[in-house]
Amino acid sequence: MIRERLNEIYRLLLDFYGPQHWWPGETRFEIMVGAILTQNTSWSNVAKAIANLKTADCLEPDKLHVLDPAQIETLIRPAGYFRLKAKRLRNLTQWLADGYEGDLARLDAIDTQRLREELLGVSGIGPETADSILLYALNRPVFVVDTYTARVTVRHGLIEPELTYETLQDLFTSNLEPDVQLFNEFHALLVCVGKGFCKPKPRCTACPLNPLPHTIDCPCD
DNA sequence: GACCAGGCACATC
DNA sequence: GATGTGCATGGT
């Protein structure tokens with residue numbers, strides 16, 4: 001039942017929006033940096049910060065790691081929480097330097113579960129950021145849960161509102177094939193509908209998910 | 001001017 | 001363990 005519903009949601013979203021080609025980013029490190037910068041922040045602001053980092057030619061682990069913290073703060077300022085995120089980026093590059101000599105290719109040899117635990121051990125990297133890095137930067141079959149995932153699945157009655165990250169993640173991973181491309185596209189599409197139609201104060205009249213039953217607090221009813 | 005945006009850590013009870 | 005709060009810019 002859940003399985004069919006998830007597939008239906010995926011199909012409706014894919015038909016409506018088309019492939020999303022996520023994650024926006026040219027390199028694995030750029031994706032990692034973006035995953036931290038986009039925490040509770042709109043992507044348009046993140047894009048400005050990333051453009052600044054590119055212009056300054058420091059969008060590589062070693063280059064960013066030796067940069068003065070104040071310089072990082074200035075470059076990423078448009079992304080908001082810039083002092084906090086400068087520290088978090090520093091923690092990320094410290095982890096890469098300590099464990100992998102700043103060489104991202106070395107991460108390929110590490111088991112996904114161990115990588116996830118290591119990422120969660122970096123201060124400033126929580127479940128969503130870790131999973132975004134695993135899926136989008138490192139191509140591991142890990143489903144990413146975020147506010148949009150929660151909003152859409154709760155509205156469509158797939159899960160109770162009182163949910164934890166793990167239970168929501170399990171809803172997807174236990175009902176879908178562990179396929180990197182599927183997880184990539186599905187999450188991107190959920191974000192897409194999340195910021196298009198399924199907003200906190202949404203305009204749902206043309207929402208691609210309207211054919212499906214809505215349950216909780218949904219203006220489509 | 002209020003609200004929202006692809007979270008997380010930490011303090012307090 | 002649950003709940004509250006600080007972090008900050010930029011678009012709508």
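Helices (H or I, at least four residues) and strands (E, at least two) are DSSP runs, numbered from the N terminus. By this rule, chain A holds 11 helices and zero strands. Along the sequence the pattern reads α-α-α-α-α-α-α-α-α-α-α. The radius of gyration of chain A, taken over C-alpha atoms, is 18 Å. The C-alpha trace of chain A spans about 55 × 35 × 30 Å along its principal axes.

The model is predicted: local features need pLDDT of at least 70, side-chain atom pairs count only at pLDDT 80 or more, and totals for chains, interfaces and linings use all residues. Residues are numbered from 1 along each chain as its sequence is written, while chains are lettered from A and ligands numbered from 1 in the order in which they are written.

DNA strand B has 25 residues around it. A residue counts as near a molecule or strand if its C-beta atom, placed from the backbone, lies within 6 Å of it. Gln39, Asn40, Gly126, Thr129 and Lys195 come nearest to DNA strand B. Helix 8 (127-137) and helix 11 (180-196) are the elements that give two or more residues to this surface. Helix 8 makes the largest share, with four residues. By class, the surface near DNA strand B has eight nonpolar, 12 polar and five charged residues. Ala, Val, Leu, Ile, Met, Phe, Trp, Tyr, Cys and Pro count as nonpolar, Asp, Glu, Lys and Arg as charged, and the others, Gly among them, as polar.

Around DNA strand C lie Asn40, Thr41, Ser42, Ser44, Asn45, Arg77, Pro78, Gly80, Tyr81, Phe82, Arg83 and Leu84. Helix 3 (43-55) and helix 6 (82-100) each supply at least two residues here. The largest share, three residues, belongs to helix 6. Four nonpolar, six polar and two charged residues make up the surface near DNA strand C.

Helix 8 also packs against helix 7 (residues 112-120): their axes come within 9 Å and cross at roughly 140°. Axes are lines fitted to C-alpha atoms, for helices over the stretch in contact, and angles run from 0 to 180 degrees between N-to-C directions. Helix 7 and helix 8 are therefore oblique to each other; angles under 35 degrees count as roughly parallel, over 145 as roughly antiparallel, 65 to 115 as roughly perpendicular and the rest as oblique.

Methods
Rg over C-alpha atoms; globule rule 2.2 N^0.38 Å.
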